[in-house]
Structures are given as C-alpha cells and as structure tokens.
Amino acid sequence: MRRRNVILVGFMGTGKSTVGKLLAKRLGWTFIDMDERIEKEQRMPIRELFRIHGESYFRDLETKALSAQLDADQQIVATGGGAVLAEENRSCMLDNGWVIALTANPDTIISRVSRDQNRPLLQGNLQERVNTLLEERKHAYEFAHVTIDTTHLNTDQIVDLILQTNTLEP
Ligand code: S3P
C-alpha cells in the first residue's frame, strides 16, 4: 500500500462519519468527510447539487475530490455511499489506503437515515428506496479489505475492531 489512510465505505446510514471521527481521534489522524468537502467546495448541500445539476455531475465531482483527497497521508476518509460504484474510485481507494466496509441490516439503516433529509436518493418511500438500493448495491462494497457488520455494535466497538485489522499506529 502506497499511503497510510483509512477509507470507510458503506451504504448510507452504516455509520461511516460517526466511526470515522472517533477513529481519527484515537489515531490522532485527520478526519475527512467527502460529502462535506464537496458541499464546501460547491457551496451547496448535496441535495441541491443533485436537484440542480443531476447525479452524474455529482459523481464526477466525487471522483475528482476523492483522488485529490487521497494524495495525502494519515487521514480517515468517510466516503459517500455511492463512491464505490465507479471502478476508478475503487482502485484509487485500494491503492491509497486500508479500505473498511461498514454494513448494517436494512431496519438499522432505515432508522438511522430517517433522521436526515439531505439524501436525494432516499426521497419518496424510505423503506422502498433503501431496499431497492441495497439490492442494487448488494455486491458493491465487497472490494474492501475488511467488512464489519455494525448492526449490533456501538461506535467504540467498531473502532476497536478496525484498529485490530491492521497495524495502524497513533
Ligand atoms: C449517496 C450517499 C450519500 C451522498 C449522496 C449519494 C449514495 O452519502 O454521497 O447522497 O449514492 O449512496 P452518505 O453515504 O454519507 O449518506
């Protein structure tokens, strides 16, 4: 592996940002949320980016931002749930860090995402949208080095497991 980063991938609501922040604190590394980076650069929320410019415009921004971000070291990078869909992004992640996929069962995902309105792909019937996307993406996160099912774990337990998976030193 060329660089030392931890890259968190997973479906919406699997806890990438919450886990990433705590992991960064434990390692003394920088935490980066890719959606936040894009929102800052574009000066608008993700849902507005989708509404005004469409999903493919967002995906291009996401690819460019990810490759720029992974040029640096010692970061915990939480990616958007769809960042794994492009092969270019997957190889960039595998080349530049230790890739951890977080998963959770559908009910857990639905209860976690129901609190947040900033997810354009979940507009409409939430349960239906989550189930459809989970089906479409059922193999999308399998490229990761490690997969952790977060359904019955708290944030501390998830971070402990991640720290056990590789020799990441604070
Ligand atoms: C998306 C997930 C979102 C965000 C955008 C698209 C997806 O990120 O990037 O709404 O395609 O799964 P989170 O996984 O952080 O919610």
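In which helix does S67 lie? S67 lies in helix 4, where helices (H or I, at least four residues) and strands (E, at least two) are taken as DSSP runs numbered from the N terminus. The structure is a predicted model, in which local features need pLDDT of at least 70 and side-chain atom pairs count only at pLDDT 80 or more, whereas totals for chains, interfaces and linings use all residues. Residues are numbered from 1 along each chain as its sequence is written, and side-chain values use heavy atoms, with hydrogens and water left out.

The strands form an open sheet of 5 strands in the order 2-3-1-4-5, with parallel pairing, two strands being paired if DSSP finds at least two bridges between them. Strand 2 (30-33) and strand 5 stand at the edges with a single partner strand each, so one side of each is left without a neighbour in the sheet. The twist from one strand to the next averages 20°, with axes being lines fitted to C-alpha atoms, for helices over the stretch in contact, and angles running from 0 to 180 degrees between N-to-C directions. In general, strands of a sheet pair through backbone hydrogen bonds, either parallel or antiparallel.

The individual pairings can be followed through strand 1 and strand 4. Strand 1 (residues 5-10) pairs with strand 3 (residues 75-78) in the parallel sense over 4 bridges, and N5 has Q75 as its bridge partner in strand 3. Strand 1 also pairs with strand 4 in the parallel sense, over 5 bridges, with A101 of strand 4 as the bridge partner of V9. Strand 4 in turn pairs with strand 5 in the parallel sense over 4 bridges, and the partner of T103 in strand 5 is D149. Strand 4 is mostly covered, since 5 of its 6 residues are buried, where buried means under 20% relative accessible area, exposed over 50%, and partly exposed in between (1.4 Å probe, protein chains only).

Helix 2 lies across strand 2 and strand 3 and runs at about 70° to strand 2.

Helix 2 also meets another helix. The axes of helix 2 (residues 34-42) and helix 4 (residues 55-69) come within 10 Å and cross at roughly 110°. That angle makes helix 2 roughly perpendicular to helix 4, under a scheme in which angles under 35 degrees count as roughly parallel, over 145 as roughly antiparallel, 65 to 115 as roughly perpendicular and the rest as oblique. Helix 2 contributes M34, D35, R37, I38 and Q42 to the contact, and helix 4 contributes Y57, F58, L61, E62, A65, L66, A68 and Q69. These residues divide into 8 nonpolar, 2 polar and 3 charged, where Ala, Val, Leu, Ile, Met, Phe, Trp, Tyr, Cys and Pro count as nonpolar, Asp, Glu, Lys and Arg as charged, and the others, Gly among them, as polar.

T151 is placed in the loop between strand 5 (146-149) and helix 8 (155-164), and T151 is buried, with a relative accessible area of 16%. The side chain of T151 reaches the backbone nitrogen of N105 at 3.0 Å, and a polar contact of 2.6 Å joins the side chains of T151 and D149. A polar contact is a pair of N or O atoms within 3.5 Å, and within protein one must be able to donate a hydrogen and the other to accept it, while residues adjacent in sequence count only if both atoms are side-chain atoms. With neighbours within four places in sequence left aside, T151 is in contact with T103, A104, N105 and T108.

S67, partly exposed at 40% relative accessibility, is 21 residues from E88 in sequence and 9.3 Å from E88 in space, C-alpha to C-alpha. K25, found in helix 1 (residues 16-27), counts as exposed at 69% relative accessibility, and K25 and I76 are 51 residues apart in sequence and 9.7 Å apart in space, C-alpha to C-alpha.

Most residues other than glycine have a negative phi. R43, in the loop between helix 2 and helix 3 (46-53), has a positive phi near 50° and is exposed, with a relative accessible area of 76%. Q74, in the loop between helix 4 and strand 3, has a positive phi of about 55° although it is not a glycine, and Q74 is partly exposed, with a relative accessible area of 33%.

Terms used: Contact means heavy atoms within 4.5 Å.
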